[in-house]
Amino acid sequence: MTEDRQQAGLEWQTGIWNRISKLYESEIDRRFEPVVKNVIARAEIAANMRVMDLGTGTGAVAEEAAKHLGDRGQVLAIDLSQEMLDVASKRFAAKNISNVELKQGRAEDLPAESKSFDRILASLSFMYVIDRAAAVRELARCLRPGGRLVLAVWGGAENCDIVKFQQTAGEFAEAPPVPGVGPGALANPGPLLELLADNGIAAEVETETLEFEFSDFDSAWTALASVTTSQLSESLQVDAKAAVLATMYPDGDGPRVFRNLTQFVVGTLK
Ligand SMILES: C[S@@+](CC[C@H](N)C(=O)[O-])C[C@H]1O[C@@H](n2cnc3c(N)ncnc32)[C@H](O)[C@@H]1O
């Protein structure tokens, strides 16, 4: 991929995450709590460890990790979106959490020292990484030997309602400037496991079906699709909404539970 294309992809993604940050805090955070809990349970964090939360967003994983670290442990929370980091920063200030450092940066070029992390966690962020080979090299560089990696990624549209919802809406939007990124991009984790193995990280996938609920179609649309479809013409927005309603709510509007196959990639650096 050319540098120009990567740059266009990065600007496109950063714009979306910046625009969604407040909505993420009010509508998404509580619904993704089961994913965060599962990441933390698999991370096996002990006191005084150094933990990286990659793609921290509004800081939910970093907050939970920080609770396990005692006096001398620390979390470095990294995200490419400054507006997400601003929300996270307010969250930590409001809760008097002082052992989380926030840094703007990309998975492909981590602003972090080599061999310095006992744990690297990336909850629902790795599907959006544009250059996954570079990012995996960075994970292997920053982990300490024996360090543990936990990534959470969604399954495919056939068994993950949030992916089906977002992909159906996304069919109406312009093609992204970079291929192979989006909520379902790691539905098949096989190539990622190979990349990890090539970089000395032996990993396996554990799956759970996790749920959240929306009271009606409009609230689900606002939380899950309004930002990515906001630049569509009015008539395309109407078509996109109709398609998602027909696909996701075949029995009509009303409360709906989303059942999401969630894959946890758990690995250790040799
Ligand atoms: C779905 S949110 C997940 C946030 C949080 N980890 C959670 O579990 O709620 C994805 C986050 O990954 C960040 N992100 C996407 N690609 C990234 C990259 N290449 N490097 C760093 N952060 C990235 C986005 O800015 C966004 O905040």
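**View 1. Helix H1 packs with helix H4 (residues 82-94) at an angle of about 30°.** Their axes lie 7 Å apart; axes are lines fitted to C-alpha atoms, for helices over the stretch in contact, and angles run from 0 to 180 degrees between N-to-C directions. H1 and H4 are therefore roughly parallel to each other; angles under 35 degrees count as roughly parallel, over 145 as roughly antiparallel, 65 to 115 as roughly perpendicular and the rest as oblique. From H1, Trp17, Asn18, Ser21, Lys22 and Glu25 meet Gln82, Glu83, Met84 and Val87 of H4 (two residues are in contact if their C-beta atoms, placed from the backbone, lie within 7 Å). Three nonpolar, three polar and three charged residues make up this contact of H1 with H4. Here Ala, Val, Leu, Ile, Met, Phe, Trp, Tyr, Cys and Pro count as nonpolar, Asp, Glu, Lys and Arg as charged, and the others, Gly among them, as polar. Helices (H or I, at least four residues) and strands (E, at least two) are DSSP runs, numbered from the N terminus.

A word on the model: it is predicted, local features need pLDDT of at least 70, side-chain atom pairs count only at pLDDT 80 or more, and totals for chains, interfaces and linings use all residues. Residues are numbered from 1 along each chain as its sequence is written.

**View 2. The ligand is surrounded by 23 residues.** Trp17, Gly55, Gly57, Ser123 and Ser125 are the closest; a residue is near a molecule if its C-beta atom, placed from the backbone, lies within 6 Å of it. Two or more residues of the shell come from each of helix H1 (3-28), helix H2 (33-43), helix H3 (60-66) and strand E2 (74-79). By class, the shell has 13 nonpolar, seven polar and three charged residues.

**View 3. Helix H6 (residues 161-170) and helix H9 (residues 234-248) have axes that come within 9 Å and cross at roughly 150°.** That makes H6 roughly antiparallel to H9. Look for Lys164, Phe165, Thr168 and Ala169 in H6, which meet Ala240, Ala243, Val244, Thr247 and Met248 in H9. Six nonpolar, two polar and one charged residues form this contact of H6 with H9.

**View 4. Helix H5 (residues 132-142) and helix H7 (residues 190-198) cross at roughly 45°, their axes coming within 9 Å.** H5 and H7 are therefore oblique to each other. Arg132, Ala133 and Val136 of H5 meet Leu192, Leu195 and Leu196 of H7. In this contact of H5 with H7, five residues are nonpolar, none is polar and one is charged.

**View 5. The chain averages a pLDDT of 96, the predictor's confidence in each residue, from 0 to 100.** Of the residues, 100% score at least 70. Among the elements of the chain, strand E1 (residues 50-54) has the highest mean pLDDT (99), and H1 the lowest (94).
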